[in-house]
Amino acid sequence: MRIRLDRTLCDGFGFCAKHAPKHFSLDDWGYASMTGDGTVAEADEHDVKRALLDCPVHAIIEITEDDDV
């Protein structure tokens, strides 16, 4: 699984860092940053998918093979 974060959409709710702290951190104002290159290990997929689904502004996007083309 691969993801990306659209920081322009982030409103600082912080659900991503709560659910998947290995992949997201919050800056001093509460806005998300992605840790790493967006590659998600199989063991972390559940947490990242929960973060993706709980993001109220849909700032986390799963990258599919079709997106790579």
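Residues are numbered from 1 along each chain as its sequence is written, and side-chain values use heavy atoms, with hydrogens and water left out. Because the model is predicted, local features need pLDDT of at least 70 and side-chain atom pairs count only at pLDDT 80 or more, whereas totals for chains, interfaces and linings use all residues.

His 23 is located in the loop that runs between helix 1 (15-19) and strand 2 (24-26); helices (H or I, at least four residues) and strands (E, at least two) are DSSP runs, numbered from the N terminus. His 23 counts as buried because its relative accessibility is 9%, where buried means under 20% relative accessible area, exposed over 50% and partly exposed in between (1.4 Å probe, protein chains only). Leaving aside residues up to four places away in sequence, His 23 is in contact (heavy atoms within 4.5 Å) with Ser 33, Met 34, Thr 35, Thr 39, Val 40, Asp 44 and Val 48.

With a disulfide taken as a pair of cysteine sulfur atoms within 2.5 Å, the count is zero. Cys 10 is buried, at 11% relative accessibility, and Cys 16 is buried at 8%.

On a 1 Å grid over the protein atoms alone, a cavity is a set of points where a 1.4 Å probe fits but cannot get out, and lining residues have an atom within 4 Å of a point. The largest cavity has a volume of about 100 Å³, volume being the space filled by probe spheres set on the points, which are joined across faces, edges and corners. It is lined by 15 residues, of which Cys 10, Phe 13, Gly 14, Cys 16 and Cys 55 are the closest to its centre. The lining of the largest cavity comprises 12 nonpolar, two polar and one charged residues.

His 58 lies in the loop between helix 2 (45-54) and strand 4 (60-63). At 55% relative accessibility, His 58 counts as exposed. Most residues other than glycine have a negative phi.

Technical notes. 1 Å grid on protein atoms, 1.4 Å probe; cavity = no way out; pocket = protein on both sides within 12 Å on 5 of 7 lines; lining within 4 Å. Nonpolar A, V, L, I, M, F, W, Y, C, P; charged D, E, K, R; others polar.
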